[in-house]
Amino acid sequence: MKLSCCIIENESIYVHQLTDLLLQWASGEKCHLQIDSVSSEKEFAGHDPEEYDIIFIDIILDSTDSSGNGIDIARKIRSASYTGELVFLTNFQDFVFEGYPVHALDYLLKPASYDKISHCMNQVLEKTCSQNFVYRVKDTWIQIPYREIIYFSSSNHSTNVITVQKQYQIPRPIKDVLKILPSQFSQCHRTLIVNLQYIENMTNKEILLTNQERIPIGKSYLTPLRRDFIDLIKKRRIL
């Protein structure tokens, strides 16, 4: 599993302390964690927030400024449609309610404790897993966004993952893969699981995908496939 975070903090002692706690958590979870740190809004301007799963922000970056400029940074990040997690850091409890308008995941008093950091990171990990197909090959975790997967196909005792960019092969049978997939996926054949979002149209015998590829529908899978497809359309409020 690979995650990335950024620390926006101007006091190096807290940057180092938080970095150590994050690396301790990552080691325990066998997670590859990329950590960047900046000391000001100006320095952060050179970064794309979407690169990060979570951003830790000191509420008062400048001790001479009581206006709480970390909150302003958070507002700008959210206004840029950032959907990752924001966590505020501060020496003062007075700002606890300031995090609500920007949907902060948590509010941590400095120095942060391992339990608090672990709680935040576990939520990020759970969210990431819910949005990605995650599997492990030896000591390497690989994650593929569900939105990029067109379909899965069986290959002996392995499964091929066909995405919009490339194809992967994982050492797991397709029946095991099906058990962990979200509702946007439906089995359409003994050897195939399709992402319903990539269906352009279907007949009783085959599916035309948005990439113009055609895949077969097994007779026993037709009714549940149609039901799943209609449920997806209803969720989108098209009907």
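User: At what angle do helix H1 (residues 12–29) and helix H4 (residues 114–131) pack?
Analyst: The model is predicted, with local features needing pLDDT of at least 70 and side-chain atom pairs pLDDT 80 or more, while totals for chains, interfaces and linings use all residues. Residues are numbered from 1 along each chain, and side-chain values use heavy atoms without hydrogens or water. Taking helices as DSSP runs (H or I, at least four residues; strands are E, at least two) and axes as lines fitted to C-alpha atoms over the stretch in contact, with angles from 0 to 180 degrees between N-to-C directions, the axes of H1 and H4 lie 10 Å apart, and the angle is about 55 degrees.

User: Which word describes the orientation of H1 and H4 to each other?
Analyst: Angles under 35 degrees count as roughly parallel, over 145 as roughly antiparallel, 65 to 115 as roughly perpendicular and the rest as oblique. With their packing angle of about 55 degrees, H1 and H4 are therefore oblique.

User: How many residues of the contact of H1 with H4 are nonpolar, polar and charged?
Analyst: Contact (heavy atoms within 4.5 Å) brings Leu18, Leu21, Leu22, Gln24, Trp25 and Glu29 of H1 to Tyr114, Ile117, Ser118, Met121, Asn122 and Leu125 of H4. Counting Ala, Val, Leu, Ile, Met, Phe, Trp, Tyr, Cys and Pro as nonpolar, Asp, Glu, Lys and Arg as charged and the others as polar, the residues divide into 8 nonpolar, 3 polar and 1 charged.

User: Which helix gives the largest share of the lining of the largest cavity?
Analyst: A cavity is a set of 1 Å grid points where a 1.4 Å probe fits but cannot get out, and lining residues have an atom within 4 Å of a point. The whole structure has 1 cavity of 30 Å³ or more, and about 50 Å³ of space lies in the largest cavity. Its lining includes Ile7, Leu89, Lys110 and Pro111, but the largest share, 4 residues, comes from H1.

User: Is the peptide bond from Lys110 to Pro111 cis or trans?
Analyst: Both Lys110 and Pro111 line the largest cavity, and Pro111 is placed in the loop between strand E5 (106–109) and H4. With omega near -5 degrees, the bond is cis.

User: Which residues of the lining are closest to the centre of the largest pocket?
Analyst: A pocket is an open set of points with protein on both sides within 12 Å along at least five of seven lines. About 530 Å³ of space lies in the largest pocket. Of the 21 residues lining this pocket, the closest to its centre are Glu50, Asp53, Gln131, Asn132 and Gln143.

Notes
Points joined across faces, edges and corners; volume = space filled by probe spheres on them.
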